[in-house]
Each structure stands twice: as C-alpha cells, then as structure tokens.
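Subject: Structure handover

Hello,

Here is the structure I said I would pass on. Please look it over first; my notes come after it.

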Amino acid sequence: MNKRTPTTEKVSLEGLSLRYPSGVQALDAVDIQIESGLFGLLGPNGAGKTTLMRILTTLLKPTGGTAKVFGHDVVREAGRVRSMLGYLPQDFQTYGQLKAWEVLDYYGILNGMTERKQRRSRIEQVLSLVGLADKRNQRAGQFSGGMYRRLGVAQALLTDAKLLIFDEPTAGLDPAQRVRFRNFLGELSRNRSVILSTHIVADIGSVCDKLAVLNHGRIGFLGKCRQLADRAKGKVWQMCVDDAQYEQLRGEYAITSMVDTDHGLQLRLLSETKKDAGWQCVEPTLEDAYLWLINSSDAHEQAA
Amino acid sequence: MNKPLDTLKEMILLEMRVQRRNPIWMISIAAAALLGFSESFTAGVLDWPTTNQAFRAYQLGCVMIFGVMTFLLTAGALSRDLSDGRKDLILCRPINPWIYICGKYLGNILFVLCINILFMVSFLAIPLFYGQSSIYPLRPFLYVMFFSTLPTILYCGALAVFLMCLSRKVIVALPVFLVYFLGVALFRIPETLRGKALDVDMWDFSMRLYPHGISATVGASTLYDMSFSHLLQPPVPELYARAALYSALAPVLVAISVLLLKRMRNS
C-alpha cells in the first residue's frame, strides 16, 4: 500500500536524525511513512517523540536525513509545511484573559486568515466541532482541563490542516474526558493525517490503526497495533503468588500488572519461557507488547 | 488584495483590542494623572499662560509614565507569546516574522498614542474647570506629542520588543529597562549638585519645546518652581538630535528583533 501512495499524499521521514550540540543523539536514522488516518507514536519519556514532532512542525532542524510533509521538505519549504499543519503541543497554554473566540481569532490571524468574516465563521465552526460553541464568550482562564484541551484542538483545526500533530493530548484529563477526547480524535482522522504522540498505550490502542514505537531515538517497531501485540505472544504469563515469591519475581521479571486477590497476589509478567508449572500463558495486550519491546530494546542497548 | 498588509492590519487591530483589557494602562494613566493633575491643580494653573505649570505637569506625566507604559505593554504582549509554554504555537505558524513583530510593535504604539490623545484632551480642558471660556492652545501640546512623546514611545516600545526577543522573559527585560530608565533620570543628580542645570532626556526636552513655541505669541513665561527655569530656554540642538536618534534607533531595534525571532524559529 505504501508503494502505491504518492509521496505528495503522505508524511515521509527518511533516515531522520538529530544530534543536539550537547552530543545527545535524540533521533537516529528514523524511517516512517505516515498516510491518512490516525498514527500513534509511542515511547517512554526521552525516547525522541517530542523531538520528532518538533522537526515536523519546523521548530527543529534535523542534522541528518529528510522529512517531507505531503512532498514538502520541512527545512527547505518550511513556510509551506507550516501552512499545512495544526499543532497541539504537550503543554498547551494560551491567554487566560481572552475569551475563547478571541484566542482563536488571534491564532487565525497568525495562520494568515486575513478575511475577517471568513475567519469568524471558521471560528464558530471549530468551536462547534470541539463542543465549545456555548462557551465562546467565556475566558480561557476559566476553562476546565478538558475544555482547555479542546480549545487547543480548536486552534489546531482552524485552517483545516492536512496534518494534525498532537503531543500528549490526553495528559491531565480525567478518564471520561480521555475517552471522549480519543473518540473525537478518531473522527478528526477520517480525512486527514493525525499524529498522536503519547506514552499512554491505551490511547493508541483504542484509536490508532498504525503506530511506531520509539526508544532511544530509534524505531523499535513500526506497523499495526495488532502486529505489535502479536510480538509478545507466548511471553505474557499470569500467576498467583505470595509476598515472598513476589519479592523474588519482582527483581527478575518485568511485572505488567498486580492485583491483590483472595488467593494471593495475581501477577502478570513478561518472560521468554515458562519458569514454573503454575504460570499460565495469557493473550498479550498492547501494553504488554509495548513493555516487552521497550524492555528488550533497553536490554539490547545495555548489552551493546 | 495585499495579504501581508492585511495580516499586519489585523495583527495591529487585534493587539489594540487585546490591550484594552490590560490593567497596566489603567494603572499607568492613573499614575500619570496623579502626577500631572496634582501639580497642575495645585500651583500656577490660574496664571496661564504666563506660568507653564499645567503644561509641565502634562509633559512630565506624558513622557515619563507613557514611556514606561509602552515598555510594559509591549513586553507583556511578547512575553505572552514567547514564554516557554507558548513559543512553539507561535513559531510553527506561517506568519512572516516581520509582520508578527511589526504587528505587535505598531499595535502597542498606536494603542499608547490613542491613550495619549485622551490624556492630552483632559489637560487641554483644564482651563474650563477654572471658569475660563477657552481651552489651552493645541499646538504646544502637539509639539510635545510629535517631538518628544512619539520618539520616547517608539524607542521604549522597540526596546521592549528587542529585550523580549533576546531574553523571552519580562523578569529579565524589565530590570534592564528600569536600570536604563532610572540611569537616565538619576544622571541629573550629581550635575545638579554641582550647580549645573541639565536636561533629562525627553521629558525636559518636551518642556523646553513649549515656551519656545509659545513665546512668540504670549511673551515670556515662568514656572511655579523656578529651579527648573533653564527649561524655559529654547531646546538645545542636542535634544533635537536625541529625539532623532530615538526615532532612528526604534526601527533598528525592531529589525534586530525580527532577526532574533527568525533565529529562534530556525534553531
């Protein structure tokens, strides 16, 4: 499918690298092709997700490789790229003293929307889209965390961007708000490319079809969510143990969940092989697979 | 349709609209009024036009307070955008850095000028409060606005843009400005102690402009506090040069700020 999609219809990263002047290699030869739909970017803190997104948003220049957004190079044609994207940074902050519509009006002008009538009409549209139409005259500083995030999404949607980049968009939201927000992202991705970066695996699993896992600046996995989960097949085990056994296992294996039940501690852990008759092999979740991948990658890094 | 100019116009209008609710200008104008009106109503105002006390009060409030106000408003406007949490949202927009900086700068300058006009009108009307049938003549006040206030606010605004693009933090930019501003004001003290009458930057320049402009029609004028009598002399060429320097430095500082913003964007 990748081969059939022209470069001008996708985001294409080839051998993308970035080394900071301090010597830290934030990205190392990253190759990704992102087409229409929701694409997840997973990785632990410091894996290079934010660096990757800052390159795509033209805020950082790569030190190697190329990044093209719908055929336009992010370095040489930065202006064109900027006009095609909407970005919600991790710590979205805006002008608390301004009303919601005024905040969007400001970002609209910065996006080059000079026709006042069109701009105001678009503001009403996006406010309705994010469910803030009735809050248009409320000051942004009075918004709840969820509303504030939605205002952040609204500013990203102002220009009907072809590429939306969301960095940790569900951070700080309560569970109900997170679910609503995820569904909303799913709706947005129907006719555009949306890159969703997070370290919350459940967010990716519930809305993304494809994902990439970044660790230490390198791609650890690139493919469909199901394929990632399949990688951990036969490596996730569940058992009930007492406190002493738990202490022993804790040092040896990566424990992905622990529930205190009537029969003792019910553990779920990652292991290449079955080490005890009481261990029961279980179906891996995306989270299990992700942790398996990160642990193996870290072990490989340490060995190297 | 000229799109960059349209964007600039929209930026300026938006900046002026945003600043309307900024408490800084309200506090500043209250301070200017306190400084200006208190002096103008307590001494010498009834002797107009031979005593220049009301005018001196006006130009003090005008040039001193409005300079600080311009700095605070402009620096605040940029700090809102260039703080760590918001910088990325601005830098990833397709707007040209020239339009962005000029929009912010001109928006704030025009906003301060509008307030300045209101401030001037309130002073022009002072004679009416004393039962006189006419207001102060407009021309000397306009002299102050064009030769003194305008260079001052152009310069202070540009200094704010420059310091904010350099440091991105009001907490850094403000002390630098205050050191400069107080330095200029306090420069006079040792000279005064040595018995020299020295002009202090733009506000004394504006004072000298007035009698110089009015003496041809109303004759010699005085000041309630004659320790400032040197201000009744015509402005020396150095002061004109300083006003010209301020006006010329402003676009240079704005241009450097644009380069700093471009550098920030292409880090």
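Predicted model: local features only at pLDDT ≥ 70, side-chain atom pairs only at ≥ 80, totals over all residues.

Domains of chain A

Chain A splits into domain 1, residues 7-229, and domain 2, residues 230-303. Their C-alpha centres are 33 Å apart. Where they meet, 15 residues of domain 1 of chain A are in contact with 13 residues of domain 2 of chain A. On the domain 1 side, helix H7 (201-207), strand E9 (210-215), strand E10 (218-224) and helix H8 (225-231) of chain A each contribute at least two residues. H8(A) gives the largest share of that side, five residues. Sorted by class, the domain 1 side has nine nonpolar, five polar and one charged residues.

Strands and sheet

Strand E1 (residues 11-19) and strand E2 (residues 25-34) of chain A run antiparallel and are joined by six bridges. Within this pair, Leu13(A) is placed opposite Ile32(A) of E2(A). The hairpin of E1(A) and E2(A) has five residues between the strands, and Gly23(A) there adopts a positive phi near 105°.

Chain A also has an open sheet of six strands with mixed pairing, in the order E6-E7-E8-E3-E9-E10. Strand E6 (85-88) and E10 of chain A are its edges; each has a single partner strand, so one side of each lacks a neighbour in the sheet. From one strand to the next the twist averages 15°.

Within that order, strand E3 (residues 37-42) and strand E8 (residues 193-198) of chain A are paired in the parallel sense over six bridges. Leu38(A) has Val194(A) in E8(A) as its bridge partner.

- Helix H1 (residues 49-56) of chain A touches E3, strand E7 (163-167), E8 and E9 of chain A, and its direction makes about 150° with that of E7(A).
- Helix H6 (residues 175-188) of chain A touches E3, E7 and E8 of chain A, and its direction makes about 150° with that of E8(A).

Helix H3 of chain A and its partners

Inside chain A, helix H3 (residues 100-110) and helix H5 (residues 145-157) have axes that come within 9 Å and cross at roughly 35°. The crossing is right-handed. Ala100(A), Val103(A), Leu104(A) and Tyr107(A) make the contact from H3(A), with Leu151(A), Ala154(A) and Gln155(A) from H5(A). Six of these residues are nonpolar, one is polar and none is charged.

H3(A) also packs against chain B: the axes of H3(A) and H1(B) come within 9 Å and cross at roughly 155°. The two helices are therefore roughly antiparallel, and their crossing is left-handed. Here Asp105(A), Tyr106(A) and Ile109(A) meet Thr7(B), Glu10(B), Met11(B) and Leu14(B).

Contact between the chains

Over the whole interface, 21 residues of chain B are in contact with 22 residues of chain A. Helix H1 (3-19) and helix H4 (87-91) of chain B each supply at least two residues of the chain B side. H1(B) provides the largest share of that side, seven residues. By class, the chain B side has nine nonpolar, four polar and eight charged residues.

Regards

Key:
Residues numbered from 1 in each chain as written. Chains lettered and ligands numbered in written order. Axes fitted to C-alpha atoms, helices over the stretch in contact; angles between N-to-C directions. Helix = DSSP H or I, 4+ residues; strand = E, 2+ residues; numbered from the N terminus. Left-handed = near helix turned anticlockwise from the far one by under 90°. Contact = placed C-beta atoms within 7 Å. Nonpolar A, V, L, I, M, F, W, Y, C, P; charged D, E, K, R; others polar. Parallel < 35°, antiparallel > 145°, perpendicular 65-115°, else oblique. Domains from an automatic or database assignment. Pairing = 2+ DSSP bridges.
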